[in-house]
Amino acid sequence: MTLAMVTFWALVVFAVLALFRGSRDSAEATPDHRDPIQILDERFARGEIDEDEYHARSSVLRASAH
């Protein structure tokens, strides 16, 4: 009986913490507006695009910004 009560309260605490952690992470993961150049820089840093593609896309973005 005591073990069941401890398990129940541990699950309740775990569920509450998971809810708060999930809502905080999702709010931080979706910023309102991100700069396209910053996104391109991040993709290049992660290795998703190569140097030639990075320079080609950044020149297009910079030309369209003016």
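**Close-up 1. Ser 58 and its contacts.** Leaving aside residues up to four places away in sequence, Ser 58 touches Ile 37 and Leu 40, where contact means heavy atoms within 4.5 Å. Ser 58 is found in helix α3, and helices here are DSSP runs (H or I, at least four residues; strands are E, at least two), numbered from the N terminus. With a relative accessibility of 8%, Ser 58 counts as buried, a class that means under 20% relative accessible area, while exposed means over 50% and partly exposed lies in between (1.4 Å probe, protein chains only). This is a predicted model, in which local features need pLDDT of at least 70 and side-chain atom pairs count only at pLDDT 80 or more, whereas totals for chains, interfaces and linings use all residues. Residues are numbered from 1 along each chain as its sequence is written, and side-chain values use heavy atoms, with hydrogens and water left out.

**Close-up 2. The whole chain and its confidence.** The chain has three helices and zero strands, following the pattern α-α-α along the sequence. Its average pLDDT, the predictor's confidence in each residue on a scale from 0 to 100, is 85, and 83% of the residues score at least 70. Confidence is lowest in helix α1 (residues 2–29), with a mean of 81, and highest in helix α2 (residues 36–46), with 94. Where pLDDT is low, the predicted coordinates should not be read in detail. Of the 66 residues in the chain, 8% are buried. The chain exposes about 5,800 Å², of which carbon and sulfur atoms supply 64%, with areas taken from the Shrake-Rupley method with a 1.4 Å probe, and for residues only the protein chains shown counting as cover.

Close-up 3. Met 5, Phe 8 and Trp 9 make a nonpolar surface patch of about 350 Å²; patches are made of residues with over 30% relative accessible area and no salt bridge, with nonpolar side chains (Val, Leu, Ile, Met, Phe, Trp, Tyr) joined within 5 Å and like charges within 9 Å. Met 5 is found in helix α1 and is partly exposed, because its relative accessibility is 45%. There are two aromatic pairs by the rule used here, which asks for ring centres of Phe, Tyr and Trp (its six-membered ring) within 6.5 Å and calls planes under 30 degrees apart stacked, over 60 edge-to-face and the rest tilted. Phe 8 and Trp 9 form an edge-to-face pair, 5.1 Å centre to centre with 75° between the planes.

**Close-up 4. A stacked pair between two helices.** Phe 44 and Tyr 54 form a stacked aromatic pair, 4.6 Å centre to centre with 25° between the planes. This pair links distant parts of the chain, since Phe 44 lies in helix α2 and Tyr 54 in helix α3 (residues 51–65), ten residues apart. Phe 44 is partly exposed at 33% relative accessibility, whereas Tyr 54 is buried, with a relative accessible area of 14%.

**Close-up 5. Salt bridges.** The structure holds four salt bridges, each a side-chain nitrogen of Lys or Arg within 4 Å of a carboxyl oxygen of Asp or Glu. Arg 43, Arg 46 and Glu 48 are linked in a network of salt bridges: Glu 48 meets Arg 43 at 3.0 Å, N to O, and Arg 46 at 2.8 Å, N to O. Arg 46 counts as exposed because its relative accessibility is 53%. Glu 53 and Arg 57 also meet in a salt bridge (2.7 Å, N to O), and both lie in helix α3, four residues apart, about one turn of the helix.
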